Amino acid sequence: AAAQSRPSALQSGESLATLKNESDSLKKKLEEERAKLHDVELNQVAEKVELVSALSIRTRRVLKGHGNKVLCMDWCKDKRRLVSSSQDGKVIVWDGYTLNKEHAVTMPCTWVMACAYAPSGCAVACGGLDNKCSVYPLSLDKNENLAAKKKSVAMHTNYLSGCSFTNSDMQLLTSSGDGTCALWDVESGQLLQSFHGHTADVLSLNLAPSETGNTFVSGGCDKKANVWDMLPCASVSCRLYDLRADREVAVYQKDSIIFGASSVDFSLSGRLLFAGYNDYTINVWDVLKGNRISVLFGHENRVSCVKVSPDGTSFASASWDTSLRIWA
Amino acid sequence: MAPTNSVGQGTNGVADESPNMIVYRKMEDFIARMQDDKNGIPIRTVKSFLSKIPSVFSGKVLISLEALHLGTLMAAHGYFFPISDHVLTLKDDGTFYRFQTPYFWPSNCWEPENTDYAVYLCKRTMQNKARLELADYEAESLARLQRAFARKWEFIFMQAEAQAKVDKKRDKIERKILDSQERAFWDVHRPVPGCVNTTEVDIKKSSRMKNPHKTRKSVYGLQNDVRSHSPTHTPAPEAKQPTEEELQEQITFWQVQLDRHRLKMSKVAESLLAYTEQYIEYDPFLTPSDPSNPWISDDNAIWELEASKEPGQQRVKRWAFGIDEVLKDPIGREQFLKFLESEFSSENLRFWLAVQELKKRPIREVPSRVQEIWQEFLASGAPSAINVDSKSYAKTTQNVKDPGRYAFEDAQEHIYKLMKSDSYSRFIRSSAYQELLQAKKKVKRHSLTHHGSY
């Protein structure tokens with residue numbers, strides 16, 4: 001006797017409905033499984049932890065020099081240099097400690113939305129509306145024109161929203177408005193790996209601080225964070241997701257904060273969360289207890305990027321007010 | 001005043017949940033509370049020197065710094081404005097402010113054209129009142145616009161004239177209020193030079209805007225002779241029903257997620273607490289660093305110390321937290337390697353380090369490096385033979401035939417686990433490590449303390 005097989009003559013409308021039901025019920029089951037393990041809230045467990053005593057964080061350096069909104073910045077591994085990029089097409093390398101501008105490059109496009117410092121400290125990468133990510137070796141010769149040595153590495157079909165060197169100066173990870181992330185070989189410009197998982201623009205990416213350096217996260221306009229990320233674009237709250245719990249574990253928000261956060265970073269111990277907002281302020285949150293510890297004023301327009309320095313001694317903020325500030 | 005009527009205005013009636021709209025809605029909630037008849041801010045007509053100032057509230061209503069900051073932002077977005085200043089801020093003094101009419105609220109997504117601005121400025125010059133005189137920057141703008149729109153200036157002039165006529169017919173007090181509200185609208189969209197332009201949009205957002213139609217209407221009902229869609233405003237695609245393939249993908253995705261191992265929140269929370277507790281002494285924001293934080297003290301001794309070959313006690317202590325701490329500190333790696341070499345068991349670590357290095361090379365160098373690593377550590381008769389489980393060995397043998405950056409991934413993971421449970425714990429218990437941990441800080445040599453005789 002012939003085995004019973006799935007009827008292949010189903011109307012396509014019916015099979016779609018069956019599939020949709022299956023998908024929906026699996027999703028529901030996942031939510032139930034997750035809920036079963038939600039036995040306590042993070043801030044409840046954190047009640048036994050000592051309060052963070054009042055922090056006296058102040059601006060310690062103001063970096064002026066950009067002519068228009070500063071959109072992105074990145075620290076050098078030497079803990080004092082940084083690179084920043086602006087709407088006016090300029091990319092500047094600073095010694096944050098002495099306020100010295102060490103290099104400046106003019107890009108052929110405006111809105112340079114992404115920039116990154118190479119681990120060796122010998123190059124920077126940047127890009128934006130040109131849909132590319134280019135690497136500029138930093139010359140010790142002040143007279144040398146950096147633009148002459150420029151190397152186009154990444155090519156996307158829409159704006160570049162983020163870039164980061166992964167292990168070394170040789171690999172560059174990029175995210176784009178074309179909905180993809182990609183890993184490139186810097187020397188040859190070859191595409192090593194492509195990551196398709198978002199259904200809309202990818203707005204940001206960040207590397208997980210794992211030893212093997214194999215993981216990264218990307219956040220997109222499709223409201224999905226692939227792997228683990230904060231969602232800075234569509235919501236006015238910052239959210240913490242834990243991979244092991246497979247869920248959101250904390251939300252950082254206040255009624256008086258009505259503007260969205262654009263960028264976040266953790267302090268070295270992970271106890272503090274620094275978040276830059278579109279209302280020109282930076283809020284410092286207690287990651288465990290969930291309360292806001294301080295609000296920092298100083299910038300005169302939106303804060304576009306916030307990053308803690310490699311040894312955690314300070315954090316830098318970039319703003320649409322054309323300046324960068326270093327806080328400690 | 002009625003709550004916001006902005007959402008459905010001029011659109012297809014569907015509420016827009018874009019990030020800007022979320023913010024506008026929240027500001028409008030505040031406005032509604034401020035304007036509440038019972039509990040809101042008192043609005044009154046104030047008698048000034050020669051006349052009355054209708055419908056104002058005093059800036060002295062807010063106390064905290066944060067309230068002042070929020071208020072300034074709401075003013076900058078044009079929800080209320082100082083009656084005697086183009087600069088949109090909120091001050092905690094006797095200045096008077098007026099609420100903006102909902103017609104001009106930012107949630108209506110105005111993007112007024114320069115033709116509108118030209119009509120407005122032109123109209124102002126027709127009204128012979130001292131309070132309506134153009135400011136310098138407005139006069140400059142008008143001159144520029146006259147040059148730009150030279151060909152159609154007659155049309156603009158006529159519009160301005162028509163509006164001025166209508167305005168004259170209005171009640172004097174009503175005119176005062178409407179004029180000020182109109183001026184405040186232009187202060188938002190054509191701000192005083194030097195002020196923040198709150199209508200500026202992040203280019204990433206503007207290239208995603210879904211409803212181009214509602215953003216291009218004229219404030220004064222003028223016909224726009226420019227194209228109605230900006231090149232950056234691409235219309236959103238119609239929401240599609242998922243295909244069979246997409247649904248299959250979704251099902252697979254949910255199944256993978258369900259198969260994931262997950263931990264109880266309580267366990268995760270304890271883990272987070274333990275981590276932050278362990279690292280709190282290394283966090284300069286929470287534990288004052290020693291030597292001092294260079295950003296605060298302007299003394300970068302701490303960075304010089306870290307760059308030197310002598311690891312401080314605090315740094316050495318950290319290596320005991322876990323194998324990752326040793327592996328990510330160059331001096332940690334060096335000491336670990338030195339210890340293993342003294343035991344003639346360094347091949348595992350050397351293999352692990354070689355594979356890490358491989359992943360950092362340009363792709364051109366990868367094939368030859370893979371061969372070198374294979375020969376040194378895994379081939380039969382290899383000089384630094386390592387022991388991997390048979391499964392990883394078989395897989396690696398295959399990978400090496402078509403060498404890529406991840407050829408040794410399985411083997412590396414196996415070796416990592418081995419090191420973690422075996423060589424790493426021996427290292428931490430070793431006298432070499434304990435000595436480093438006990439090492440006293442080098443005494444700083446000051447010439448003043450040198451007691452040598454001359």
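User: Is B:Tyr433 buried or exposed?

Analyst: This is a predicted model. The relative accessibility of B:Tyr433 is 1%. Buried means under 20%, so B:Tyr433 counts as buried.

User: Which residue forms an aromatic pair with B:Tyr433, and is the pair stacked, edge-to-face or tilted?

Analyst: The ring centres are 6.4 Å apart, with 40° between the planes.

User: How many residues apart are B:Trp319 and B:Tyr433?

Analyst: B:Trp319 sits in helix H12 of chain B (residues 313–319). B:Tyr433 sits in helix H20 of chain B (residues 431–438). The pair links distant parts of the chain, with a separation of 114 residues.

User: How many aromatic pairs are there over all chains?

Analyst: The search covers the whole structure. Its total is 36 aromatic pairs.

User: Why do the rings of B:Tyr117 and B:Trp186 count as a tilted pair?

Analyst: Their centres lie 4.9 Å apart. Pairing needs centres within 6.5 Å, so the rings qualify. The angle between the planes falls between the cut-offs of 30 and 60 degrees, so the pair is tilted, at 35°.

User: Which helices does the pair of B:Tyr117 and B:Trp186 tie together?

Analyst: Both residues count as buried, B:Tyr117 at 3% relative accessibility and B:Trp186 at 2%. The parts they join are 69 residues apart in sequence. B:Tyr117 lies in residues 114–126 and B:Trp186 in residues 172–189 of chain B, so the helices are H3 and H6.

User: Which residues form a cluster with B:Tyr117 and B:Trp186?

Analyst: The cluster is linked by ring pairs. Besides B:Tyr117 and B:Trp186, its members are B:Tyr103, B:Phe104, B:Trp110, B:Tyr120 and B:Phe185.

User: What area do chain A and chain B bury between them?

Analyst: The contact takes 94 residues from chain A and 80 from chain B. Carbon and sulfur atoms carry 64% of the buried area. The total is about 7,800 Å².

User: Which residue of chain A meets B:Arg364 in a salt bridge?

Analyst: Five salt bridges are counted between the chains. In this one, N to O is 2.3 Å. The partner is A:Glu187.

User: Which element gives the largest share of the side of chain A that touches chain B?

Analyst: Elements giving two or more residues to that side include helix H1 (12–36), helix H2 (42–45) and strand E1 (59–64) of chain A. The largest share is twelve residues, and it comes from H1(A).

How values were computed:
Residues are numbered from 1 along each chain as its sequence is written. Chains are lettered from A and ligands numbered from 1 in the order in which they are written. This is a predicted model: local features need pLDDT of at least 70, side-chain atom pairs count only at pLDDT 80 or more; totals for chains, interfaces and linings use all residues. Side-chain values use heavy atoms; hydrogens and water are left out. Contact means heavy atoms within 4.5 Å. Buried area is the accessible area (1.4 Å probe) that two parts lose on being put together, summed over both. A salt bridge is a side-chain nitrogen of Lys or Arg within 4 Å of a carboxyl oxygen of Asp or Glu. Helices (H or I, at least four residues) and strands (E, at least two) are DSSP runs, numbered from the N terminus. Rings of Phe, Tyr and Trp (its six-membered ring) pair if their centres lie within 6.5 Å; planes under 30 degrees apart count as stacked, over 60 as edge-to-face and the rest as tilted. Buried means under 20% relative accessible area, exposed over 50%, partly exposed in between (1.4 Å probe, protein chains only).
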